[in-house]
Amino acid sequence: MQTELVELAIAIVVIALIVFVLRRASAKSKQRAPSNVRERLGVEPEDERPKRERRRPRPGRPAEVAQKEPAPPARDARPLEPEAAVDAEERDAKVSLTYLLGIL
């Protein structure tokens with residue numbers, strides 16, 4: 001019984017020593033490693049990252065970014081005739097009614 005307890009104590013001490021050495025090595029490795037993936041890969045430094053720009057202004061705030069000019073109409077484009085405009089409005093009304101009714 002005494003020898004078993006001594007062997008158990010030795011085994012526990014050896015395991016604790018191994019865990020201590022591994023934790024110490026891990027801490028040293030983390031100190032030497034780069035802080036983020038970009039530095040590790042050498043892609044681009046943090047200071048030179050392009051700044052993100054919003055495409056749409058936040059609700060309730062005026063647009064700070066200049067709005068793009070609309071594209072010029074194509075050469076084949078011509079204004080809708082009054083009858084065609086009415087037909088388009090009727091078609092839109094039918095589509096929205098169909099959507100509302102769930103018959104789509």
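Start by colouring the chain by pLDDT, the predictor's confidence in each residue, from 0 to 100: the average here is 77, and 67% of the residues score at least 70. This is a predicted model, in which local features need pLDDT of at least 70 and side-chain atom pairs count only at pLDDT 80 or more, while totals for chains, interfaces and linings use all residues. Residues are numbered from 1 along each chain as its sequence is written, and side-chain values use heavy atoms, leaving out hydrogens and water.

Next, switch to a cartoon view. You will find three helices and zero strands, in the order α-α-α from the N terminus; helices (H or I, at least four residues) and strands (E, at least two) are DSSP runs. Confidence is highest in α1, at a mean of 95, and lowest in α2, at 73. Where pLDDT is low, the predicted coordinates should not be read in detail.

The protein exposes about 11300 Å², with carbon and sulfur atoms supplying 57% of it; areas come from the Shrake-Rupley method with a 1.4 Å probe. Of the 104 residues, 2% are buried (buried is under 20% relative accessible area, exposed over 50%, partly exposed in between).

Patch residues have over 30% relative accessible area and no salt bridge, with like charges joined within 9 Å and nonpolar side chains within 5 Å; a salt bridge is a side-chain nitrogen of Lys or Arg within 4 Å of a carboxyl oxygen of Asp or Glu.

- Select Val 6, Ile 10, Val 14, Ile 18 and Leu 22: they make a nonpolar patch of about 460 Å². Ile 10 sits in helix α1 (residues 2–32).
- Arg 52 lies in the loop between α2 (37–41) and α3 (82–101), and is exposed because its relative accessible area is 79%.
- Finish with Asp 87, Glu 89, Glu 90 and Asp 92, a negative patch. Glu 89 belongs to helix α3 and counts as exposed because its relative accessibility is 56%.

Methods. Buried < 20%, exposed > 50% of the residue type's maximum accessible area, 1.4 Å probe, protein only. Lys, Arg positive; Asp, Glu negative; His and termini not counted. Charge placed at Lys NZ, Arg CZ, Asp CG, Glu CD.
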